[in-house]
Amino acid sequence: MDERQLIARAQSGDFEAFTDLINAHKDKVYALARRLAGNNEDAEDIIQETFLKAIDNIDKFRGDASFGTWLYSIALNQSRAHYAKEKQMELRPIEEYLPSGDHSDSERHAKLFDWQDPHTMLEASELRSIIEEGLAELPHIYREAFLLRYQNDLSVKEVAELIGESEAATKSRILRARLALRDYLSEKFEGVYGPQVS
């Protein structure tokens, strides 16, 4: 059954068809939400709200874009709403920002018998962390454009439609994100390897 048929069935109340549509896109939408939110807990909240909005509004889906693009737009709106809410949150005690020393979450994902080279794994893990930090430093409007383009492999036109900007403005945001990320990584690696790396 193709996507159009699934959408028609979902719009007539077939929850199984809706679930099939969601399952086809949930990993990519979650990856986007995770990168935008910066942590699993907030990403899960965003995803939950995204899917609820999708259920509530499936009858309004007109098919102008693909179902996946429509789902991305809902996730982006939920992410923006979450980000705006987070900015308005009251200050919390500093103890809540300090690491607790509880590494159970990271250890839970570790594989017991992973025979890869520990040095390579450490380097890859550190590199991934540095890139994640760099992405987290980007202003939200640049981060979302960058992630949609490079993580979700959307065209500039699709990204522009999702964020509600012209293609020129979208290209500018993506370029600014790339330049900011390049500068961040250069600074980080210069600190490790010396000024000859740029």
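1. Start with helix α7, which spans residues 140-150. In this predicted model, F146 and Y150 both sit in that helix. They are four residues apart, about one turn of the helix. Their ring centres lie 5.0 Å apart, and their planes meet at 50 degrees. Why is the pair called tilted? Planes under 30 degrees apart count as stacked and those over 60 as edge-to-face, so the rest are tilted. An angle of 50 degrees therefore makes F146 and Y150 a tilted pair.

2. Are F146 and Y150 buried, partly exposed or exposed? F146 has a relative accessible area of 12%, so F146 is buried. Y150 has a relative accessible area of 38%, so Y150 is partly exposed. The cut-offs are under 20% for buried and over 50% for exposed.

3. R149 lies over the face of Y150. The distance from the ring centre is 5.6 Å.

4. Now turn to the aromatic pairs as a group. A pair of aromatic rings is described by two things: the distance of the centres and the angle of the planes. How many aromatic pairs are there? The count is five. One of them joins F67 and W70, with centres 5.5 Å apart and planes at 50 degrees, so this pair is tilted.

5. Where do F67 and W70 lie? Both belong to helix α4, residues 67-87. They are three residues apart, about one turn of the helix. F67 is buried, and W70 is buried too. Ring pairs also bring in F61: together F61, F67 and W70 form a cluster.

6. Next, look at the surface. Which residues form a nonpolar patch there? They are F15, L52 and I55. Together they have about 280 Å² of accessible area. F15 lies in helix α2, residues 15-37. The relative accessible area of F15 is 53%, which is over 50%, so F15 counts as exposed.

7. Finally, the whole chain. It has nine helices and zero strands. Along the sequence, the pattern reads α-α-α-α-α-α-α-α-α. The chain has 198 residues, and buried residues make up 31% of them. The accessible surface comes to about 13,500 Å². Carbon and sulfur atoms account for 51% of that surface.

8. One point on contacts. Consider those between residues at least 6 apart in sequence. Of these, 62% join residues at least 24 apart.

Technical notes:
Residues numbered from 1 in each chain as written. Predicted model: local features only at pLDDT ≥ 70, side-chain atom pairs only at ≥ 80, totals over all residues. Heavy atoms only, no water. Patch = residues over 30% accessible without salt bridge, like charges linked within 9 Å, V, L, I, M, F, W, Y side chains within 5 Å. Areas by Shrake-Rupley, 256 points an atom, 1.4 Å probe, with all protein chains shown as cover. Salt bridge = Lys/Arg side-chain N within 4 Å of Asp/Glu carboxyl O. Helix = DSSP H or I, 4+ residues; strand = E, 2+ residues; numbered from the N terminus. Buried < 20%, exposed > 50% of the residue type's maximum accessible area, 1.4 Å probe, protein only. Phe/Tyr/Trp six-rings, centres within 6.5 Å; stacked < 30°, edge-to-face > 60°. Lys NZ or Arg CZ within 6 Å of the ring centre and 35° of its normal. Contact = heavy atoms within 4.5 Å.
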